[in-house]
Amino acid sequence: MDAVNVGLLGLGTVGGGTATVLLRNAAEIQARLGREIHLYHVAGLNIAAQTIVDPQTTKLTENAFDVVNDPDVQIVVELIGGYTLAKELVLKAIENGKHVVTANKALIATHGPEIMQAATEQGVSVCYEAAVAGGIPIIKAMREGLAANKIQWVAGIINGTGNYILTEMRDKGRDFTEVLAEAQALGYAEADPAFDVEGIDAAHKLTILASLAFGIALQFDKTYTEGISKITPEDVNYAEELGYRIKHLGITRKTDKGIELRVHPTLIPEKRLIANVDGVMNAVLVQADAVGPTLYYGAGAGAEPTASAVVADIIDTVRTIDAPLQHKVPLLGFQHDAMRDTPVLPIDEVVTSYYLRMQAVDKPGVLAEVSETFASNNISIEAVLQKEPTGGENSVHLIMLTQKCIESNVNQAITAVEQLASVQGKVVRIRLEHLGS
Ligand code: HSE
């Protein structure tokens, strides 16, 4: 069979990794696929100075539109990132009848509906395995491997930079900004690292996972997002004493009232496998009715791990390149006319447990007063820890773990507790999940 011509947009961290893997493993890939993938046309900045691609066999340009308008390119691989230009290029490629592979989670989470509509009308595929959890084949697992199941919930460590920061803070007591700078130097962080530490990147990925899990539309704007920048070493240590680790989790769960869609720091029992996923590694835990819990683990960022997913998508696209869309796996895992309009729950209506830390005056009766305030807001306390704060003031840190309760009740209780004369300052609140099946 003839070679399939691939056009690559971007030769940055992921683009460079993709070209490297495609070229280095060409024989292995051809042996699996039965067909050659030809890196035919590549667009990148300072393209003449690049050293990855051979200009004898690959056309080079600094104008990405040259690639999407090249009539000999069959698959366009978008690895430039961002929303505006990437969206324009992807829509143009689709209009030109080309299949698309992208690692762009922001693009899929925010403009996915329009892109998929255009692709459906043109009868071309859009693959985005690398958009979620880097090299872990979680999209394939959810769209295909778990297709027999009703998925109940998904919880994932889906931002490598954030996990790296939390791990270094916990293990080595390192400073937040220092570790972030290191993650940036290693090519893990987003162009704007606020996307990593404030949870926006994880929210993009969770938006995609929720669609695949529950057959709902991509709804990034309804994803609740809270970052890790306010997590202190004190809370990391207290959580450890109570048998928990703090992880930045993306959680989506189907409940009777709707779908939870939330990214925030979360205490999880240290005995869970996912609690022990450290550094830049990602993991996604999927709870489904037939198979039970399954855990997917691997590198969530970096040039070649991400390239691994991009190249797998190119291979998948080639396998069914001539097949009509109805013979391919649906873009979001569910048939277009079977998508559901289950509502996404506002964060106030989410039910979960909480870690609460407050500074209280060290005198008799305070613990009873605080407990009573929680009880009057329908919050049951599961565990209490009292600690001397560093500095030795006449006050203590009270740490309470709650049983499951409604977020709005916790908010009311926190407001009431903060008004008690015996409680100083703000209550620190971190959500807690047991992640049992
Ligand atoms: N900045 C992202 C991360 C890159 O750290 O996980 C991979 O999506």
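1. In which helix does Asp201 lie? In this predicted model, Asp201 lies in helix α10, a helix that spans residues 200–214. With a relative accessible area of 1%, Asp201 falls under the 20% limit and is therefore buried.

2. The surroundings of Asp201 deserve a careful look. Once neighbours within four places in sequence are set aside, Asp201 is in contact with Lys105, Ile158, Asn159, Glu190, Phe195 and Asp196. With one of these residues, Lys105, there is also a polar contact between side chains, at 3.1 Å. For a sense of scale along the chain, Asp201 and Ala309 stand 108 residues apart in sequence, while their C-alpha atoms are 18 Å apart in space.

3. Asp201 and Lys105 both belong to the set of residues around the ligand, which also includes Asn159, Gly160, Thr161, Tyr188, Ala189, Glu190, Asp196, Lys205, Gly300 and Ala301. Sorted by class, this shell is made up of five charged, four polar and three nonpolar residues. Helices α7 and α10 each contribute at least two residues to the shell.

4. At Tyr188 the backbone is involved, with one of its N or O atoms placed 2.7 Å from a nitrogen atom of the ligand. The ligand would expose 250 Å² if taken alone, and the protein buries 93% of that area.

5. Tyr188 also takes part in the one aromatic pair that the structure holds. Its partner is Tyr164, and the pair is classed as edge-to-face because the ring centres are 6.2 Å apart and the planes meet at 80 degrees, which is over the 60 degrees that this class requires. Tyr164, at 12% relative accessibility, counts as buried.

6. A separate point concerns His99, which is found in strand β5 (residues 99–102) and counts as buried at 6% relative accessibility. A polar atom of the His99 side chain lies 3.0 Å from the backbone nitrogen of Ser125. Apart from neighbours within four places in sequence, the contacts of His99 are with Gln74, Ile75, Val76, Gly123, Val124, Ser125, Thr317, Ile321 and Lys328.

7. Most residues other than glycine have a negative phi. Asn46, however, has a positive phi near 45 degrees, and Asn378 has a positive phi near 65 degrees. Asn46 is placed in the loop between β2 (37–43) and β3 (59–61), and Asn378 in the loop between α13 (366–375) and β14 (381–387). As for accessibility, Asn46 is exposed, with a relative accessible area of 58%, and Asn378 also counts as exposed, at 62%.

Note on methods. Residues numbered from 1 in each chain as written. Predicted model: local features only at pLDDT ≥ 70, side-chain atom pairs only at ≥ 80, totals over all residues. Heavy atoms only, no water. Phe/Tyr/Trp six-rings, centres within 6.5 Å; stacked < 30°, edge-to-face > 60°. Buried < 20%, exposed > 50% of the residue type's maximum accessible area, 1.4 Å probe, protein only. Helix = DSSP H or I, 4+ residues; strand = E, 2+ residues; numbered from the N terminus. Polar contact = N/O pair within 3.5 Å; in protein donor to acceptor, adjacent residues only side chain to side chain. Contact = heavy atoms within 4.5 Å. Near = heavy atom within 4 Å. Areas by Shrake-Rupley, 256 points an atom, 1.4 Å probe, with all protein chains shown as cover. Nonpolar A, V, L, I, M, F, W, Y, C, P; charged D, E, K, R; others polar.
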